[in-house]
Amino acid sequence: MELEWMIAKWDDLDTALLYKILELRSAVFVVEQTCVYQDIDGKDQESLHVYAMNKTDLVAYARIVPGSETKRTSIGRVLIHMEQRGKKIGDLLMKKCIEAAAFHFPDEKLQMSAQKHLSNYYQKHGFQVEGEPYLEDGIPHVLMKN
């Protein structure tokens, strides 16, 4: 499978692509993880959107939120389409996010609020747990920084 990787600002997302992004975020974070939470949080407009397409299908997605006040850029909403997991696409997504953050926000360090059970995975990408676990939308999370 050949993927086309893209990095886009809010104004570069057309309505069809935005619909696919929101649909997949809802499928993973609300339906699959049975978590009722407010996905539309006002941060998409200021974020960079990193995603991979397989022809017309959205396969992977994450957003990078600049940390203008905290000086810590945040990677979030990291997901791989359910049918594409186990193919190392997540590793490519994280690599693309880290590279994009370094390029677009060179003076900021990275952080993420990661689901606790994925902390070992993110450690492979240079992130370390900081502090104690906490609940976010009813799911155990940890703050991770690199």
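How many positive and how many negative side chains does the protein chain have, and how far apart do the centres of the two sets lie? There are 18 positive and 22 negative ones, and the two centres are 5 Å apart. For the bookkeeping, Lys and Arg are the positives and Asp and Glu the negatives, with His and the chain ends not counted. Each charge is placed at NZ of Lys, CZ of Arg, CG of Asp or CD of Glu.

Okay, ground rules before we go on. This is a predicted model, where local features need pLDDT of at least 70 and side-chain atom pairs count only at pLDDT 80 or more, while totals for chains, interfaces and linings use all residues. Residues are numbered from 1 along each chain as its sequence is written, and side-chain values use heavy atoms, with hydrogens and water left out.

So, the fold. We've got 3 helices and 7 strands, in the order β-α-β-β-β-α-β-α-β-β along the sequence. The radius of gyration is 15 Å, close to the 15 Å from the globule rule for 146 residues, so the chain is as compact as a globular protein of that length. Those elements are DSSP runs numbered from the N terminus, helices being H or I with at least four residues and strands E with at least two. The radius is taken over C-alpha atoms, and the rule is 2.2 Å times the number of residues to the power 0.38. The C-alpha trace spans about 40 × 35 × 30 Å along its principal axes.

Of the 146 residues, 42% count as buried. Buried is under 20% relative accessible area, exposed is over 50%, and partly exposed is in between, with a 1.4 Å probe and protein chains only. As for contacts, meaning heavy atoms within 4.5 Å, 59% of those with a separation of 6 or more are between residues 24 or more positions apart.

Now the inside. The largest nonpolar core has 25 residues, and the ones touching the most other members are I64, I75, V78, L93, M112, Y122 and F127. At least two residues each come from β2 (48-54), β3 (57-65), β4 (72-80), α2 (89-104), β5 (109-115) and β7 (139-145). The largest share, 6 residues, belongs to α2. By core I mean buried Ala, Val, Leu, Ile, Met, Phe, Trp, Tyr and Cys residues joined through side-chain atoms within 4.5 Å.

Take a look at V78. Skipping neighbours within four places in sequence, V78 contacts F29, Y61, A62, L93, M94, M112 and Y122.

Which residues have positive phi without being glycine? T34 is one, at about 40°, and K55 is another, near 60°. T34 sits between α1 (15-32) and β2 and is exposed at 70% relative accessibility. K55 sits between β2 and β3, and K55 is exposed too, at 76%.

D11, in the loop between β1 (4-9) and α1, is exposed at 73%. Its C-alpha is 9.7 Å from that of E46, 35 residues apart along the chain.

Last stop, N146, in the segment after β7. N146 is partly exposed at 38%. Beyond its neighbours within four places in sequence, N146 contacts R72, K109, L110, G126 and F127.
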